[in-house]
Amino acid sequence: MSDVTVGILVALVASLSWAVGSILVRLGIDRVSPPSATFLSIVSGFLFITVIAVIMDAGAFLELTPRAIGGFALVGLLSFLGGRFLYYTAVSMIGVGRATAMGGAVPIVASILAVLFLDEQLTIPLAVGIAAVVAGVGMIVFGPAQGS
């Protein structure tokens, strides 16, 4: 299997994993607060990925530079603490469907930031994809509420 095929399969499994996680968040958020849910998910995720990282390449930890550690720490704060806490709060307030649809804005923001800061090219397919995501998110978020 080519790297592209494996990459696509891994991305699809990641999407399935996040989707199942979203459903589990909705089921659990009724029983605990968003900060508690965020804490529990981060601690369990940290323990799981630590074991996987050590199994895959324990020596890689010794090669980390202070800049890499700082960068990954910033990613952790923004993505896992900030993003996850805010996402869990949104799920508790507007439901998993709408909150997850708003997560659909990630490709839009990431694409725009990549063009602005990483010198990536804004191509016609990328622009069309961004417009499609905007339209889809808009229809889900601003459409009639569930049960209406």
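Which residues does Ser111 touch, not counting residues up to four places away in sequence?

**Before you start**

This is a predicted model, in which local features need pLDDT of at least 70, side-chain atom pairs count only at pLDDT 80 or more, and totals for chains, interfaces and linings use all residues. Residues are numbered from 1 along each chain as its sequence is written, and side-chain values use heavy atoms, with hydrogens and water left out.

**The whole chain**

Show the protein chain as a cartoon. The chain has six helices and zero strands, and along the sequence the pattern reads α-α-α-α-α-α. Helices here are DSSP runs of H or I with at least four residues, strands are runs of E with at least two, and both are numbered from the N terminus. Along the principal axes, the C-alpha atoms fill a box of roughly 55 × 45 × 35 Å.

Of the 148 residues, 15% count as buried. Buried means under 20% relative accessible area, exposed means over 50%, and partly exposed is in between, using a 1.4 Å probe and protein chains only. Next, consider contacts, meaning heavy atoms within 4.5 Å. Among contacts between residues at least 6 apart in sequence, 74% join residues at least 24 apart.

**Stop 1: helix α2**

Select residues 34-57, which form helix α2. How far apart are the end C-alpha atoms of this helix? They are 33 Å apart, which agrees with the 34 Å that its 24 residues should span at 1.5 Å a residue. The expected span is 1.5 Å times one less than the number of residues.

Now select Pro34, Ala37, Thr38 and Ser41, which are buried in α2. Their cover includes α1 (3-29) and α3 (66-94). An α-helix has 3.6 residues a turn, so residues three or four places apart point the same way.

Pro35 is also in α2, but Pro35 is partly exposed, with a relative accessible area of 45%.

**Stop 2**

Two packed helices are described by the angle between their axes and the distance between the axes. Axes are lines fitted to C-alpha atoms, for helices over the stretch in contact, and angles run from 0 to 180 degrees between N-to-C directions.

Show α2 and α3 together. They pack at an angle of about 135°, with their axes 9 Å apart. That makes α2 oblique to α3. Angles under 35 degrees count as roughly parallel, over 145 as roughly antiparallel, 65 to 115 as roughly perpendicular, and the rest as oblique.

The crossing of α2 over α3 is right-handed. A crossing is left-handed if the near helix is turned anticlockwise from the far one by less than a right angle, and right-handed if clockwise. On the α2 side, the contact includes Pro34, Pro35 and Ile42; on the α3 side, it includes Phe80, Phe85 and Tyr88. By class, the residues of this contact divide into eight nonpolar, four polar and one charged. Ala, Val, Leu, Ile, Met, Phe, Trp, Tyr, Cys and Pro count as nonpolar, Asp, Glu, Lys and Arg as charged, and the others, Gly among them, as polar.

**Stop 3: α1 against α3**

Select Ser22, Val25, Arg26 and Ile29 of α1 with Tyr87, Tyr88, Val91 and Ser92 of α3 to see the contact. Its residues are five nonpolar, two polar and one charged.

**Stop 4: α4 against α6**

Select residues 96-103 for α4 and 124-142 for α6; their axes come within 9 Å and cross at roughly 155°. The two helices are therefore roughly antiparallel to each other, and the crossing is left-handed. Here Gly97, Arg98, Ala101 and Met102 in α4 meet Val137, Ile140 and Val141 in α6. This contact has five nonpolar, one polar and one charged residues.

**Stop 5**

Return to Ser111, in helix α5. At 15% relative accessibility, Ser111 counts as buried. Ser111 touches Leu126 and Ile130, leaving aside residues up to four places away in sequence.

Finish at Asp119, in the loop between α5 (106-117) and α6. Is Asp119 buried or exposed? Asp119 counts as exposed, at 64% relative accessibility. Its phi is near 60°, a positive value in a residue other than glycine. Most residues other than glycine have a negative phi.
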